[in-house]
Amino acid sequence: MTKHITYDHKCSGCQALYIPYDDRIPCPKCGMIEKDRFDFIPQAAESALFNLKNGSFEPMGWWVSSYADHLLIIIFSILEEHRKSNESGNFTSVARAFVDKLDWKDQEYSKEYVYNIVCRVYEEIQKKLSEPDSQSTIVKKWWQFWK
Ligand SMILES: [Zn+2]
């Protein structure tokens, strides 16, 4: 079982795919700020924590049904790389190294965007895990292991 996010959005100016996940999030390609908003961060954190119940941020299987799902699998990979690394307190440097080594092809403009979004998801996960009774003890066990 996995939790997918079905959301697609194209910039009305340049047709680039991105998610306007907060106020003042410009299109990563042309910089336009649109009216659309989609509350991606809490849902992404929830989906990642759901995976973690099986011991990994990366799901056993994943099909991509939308652009949000496409972003999620990159986010899961970065979270998992950080979880397995020795840099427990240093998420941003793990995320930075990860996006730097990806081949973005003609979507180089997505690099900073993905970096920013994954850092937000990571913050959200920390927030969720610090709330009492918000997550099962199984997830907390993995989180402790991670730290
Ligand atoms: Zn645009």
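Is Phe98 buried, exposed or partly exposed, going by the other C-beta atoms within 10 Å? I found that Phe98 is partly exposed, because 18 other C-beta atoms lie within 10 Å; a residue is buried with 20 or more other C-beta atoms within 10 Å of its own, exposed with 12 or fewer, and partly exposed in between, the C-beta atoms being placed from the backbone.

Before going on, I noted that this is a predicted model, in which local features need pLDDT of at least 70 and side-chain atom pairs count only at pLDDT 80 or more, while totals for chains, interfaces and linings use all residues. I also noted that residues are numbered from 1 along each chain as its sequence is written.

Entry on the whole protein. I counted 5 helices and 0 strands, where helices (H or I, at least four residues) and strands (E, at least two) are DSSP runs numbered from the N terminus. Of the 147 residues, 25% count as buried. I looked up the contacts with a separation of 6 or more, and residues 24 or more positions apart account for 53% of them; two residues are in contact if their C-beta atoms, placed from the backbone, lie within 7 Å.

Entry on Phe98. I placed Phe98 in helix α3, and, leaving out residues up to four places away in sequence, I saw that Phe98 touches Ile78 and Glu81. The C-alpha atoms of Phe98 and Tyr115 are separated by 8.8 Å, with the two residues 17 apart along the chain.

Entry on α2 and α3. Helix α2 (residues 67-84) and helix α3 (residues 91-101) pack at an angle of about 125°, their axes 9 Å apart. That angle makes α2 oblique to α3, since angles under 35 degrees count as roughly parallel, over 145 as roughly antiparallel, 65 to 115 as roughly perpendicular and the rest as oblique. The axes are lines fitted to C-alpha atoms, for helices over the stretch in contact, and angles run from 0 to 180 degrees between N-to-C directions. I listed Ile78, Glu81 and His82 of α2 and Phe91, Val94, Ala95 and Phe98 of α3 as the residues that make the contact.

I read 18 residues in α2 and a reach of 26 Å from its first C-alpha to its last, close to the 26 Å expected at 1.5 Å a residue; the expected span is 1.5 Å times one less than the number of residues. Among the buried residues of α2 I noted Leu72, Ile75, Ile78, Leu79 and His82.

Entry on α1 and α4. The axes of helix α1 (residues 40-52) and helix α4 (residues 110-130) come within 9 Å and cross at roughly 65°, which makes α1 roughly perpendicular to α4. I found Ile41, Pro42, Ala44, Ala45, Ala48 and Leu49 in α1 meeting Arg120, Val121, Glu124, Ile125 and Lys128 in α4.

Entry on two backbone angles. Phi of Gln15 is near 70°, a positive value in a residue other than glycine, and Gln15 is found in the segment before α1. I looked up its surroundings, and Gln15 counts as exposed because it has 10 C-beta neighbours inside 10 Å. Phi of Lys105 is near 50°, again positive in a residue other than glycine, and Lys105 has its place in the loop between α3 and α4. With 7 other C-beta atoms within 10 Å, Lys105 is exposed.
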